[in-house]
Amino acid sequence: MSKILKSSGRGSLIVLSGPSGCGKQSVCERLNEYNNNFWVSVSCTTRKPRLGDEDGITYYFISEEEFKKKIDNDEFLEYNYYNGNYYGTLKANIEKYLEEGVDVILEVDVNGALSIKHKIKEAIFIFLMPPTMKDLILRLKKRGSESNDKIISRFKTAYNEINEVSKYNYVIVNDEVDNAARKMNSIIEAQKCMVDRIEEVYLDNPEEEIHELLIDNKEFINKDTII
Ligand code: 5GP
């Protein structure tokens, strides 16, 4: 039997936000166990690397001067000033991966997500929540790489960000990394079944024959072709 549907082979653009310290990076790493057809974009930032950060992997760590040059050269899909530092998503490679059918994940703050929402209507917006606010502050402290002032500032920002959750399509509570990664994979898989992605429906034999019989209102239940 021929295929009945031709769906778009284009990758999905997934925008993942959530307060600093809620575990976005760990969830994306764990997602690898369920899905090997995605690419997480590497953003540019002017913040200093933390313990465990690797240049070119977690971020491209660049100076403010370099960042501003990239703004002038229109290299960013979006960028934002967050807690004293610039963060920006490079346009490069996003379209190439989507064309190739690879899903692209962008980890950005709420402002970044809203600016992408205006530009790319078909993007999917997922918000990752910490299980509790107490949990979030413990995670921020555990990183041990920032001053108390910075932690408090990130915590306050987190409060404001959580209030924006209704602007997203999906919310996942990161109570356990594996659970969160499985839920994220289910969301990505569900997008592939969206009716919007159908490019063509084929009604050729035997489907076409059945279709005609239905139109003619004939008795077709016992026809060999469909039993
Ligand atoms: P962190 O310093 O904890 O790595 O990141 C701080 C915040 O910046 C997080 O909410 C993170 O998602 C966000 N962020 C990371 N990359 C980008 C980006 O390219 N653009 C925007 N707008 N936010 C980003």
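Predicted model: local features only at pLDDT ≥ 70, side-chain atom pairs only at ≥ 80, totals over all residues.
**View A. Salt bridge between R10 and E95.** The closest N and O atoms of R10 and E95 lie 2.9 Å apart. The pair links distant parts of the chain, 85 residues apart: R10 sits in the loop between β1 (5-7) and β2 (13-17), and E95 belongs to helix α3 (residues 94-99). R10 counts as partly exposed, with a relative accessibility of 27%. E95 is also partly exposed, its relative accessible area being 42%.

**View B. Salt bridge between K192 and D103.** Here the closest N and O atoms are 2.9 Å apart. D103 is buried, because its relative accessible area of 1% falls under the 20% cut-off. K192 is partly exposed at 27% relative accessibility.

**View C. Salt bridge between R30 and E33, and the network that includes them.** The side chains of R30 and E33 meet with an N to O distance of 4.0 Å. R30 is partly exposed at 30% relative accessibility, whereas E33 is exposed, because its relative accessible area of 59% is over the 50% cut-off. Salt bridges with shared partners join R30 and E33 with D178 and R182 in one network.

The salt bridges shown in these views are among the 14 that the structure holds.

Terms used
Residues numbered from 1 in each chain as written. Heavy atoms only, no water. Helix = DSSP H or I, 4+ residues; strand = E, 2+ residues; numbered from the N terminus. Buried < 20%, exposed > 50% of the residue type's maximum accessible area, 1.4 Å probe, protein only.
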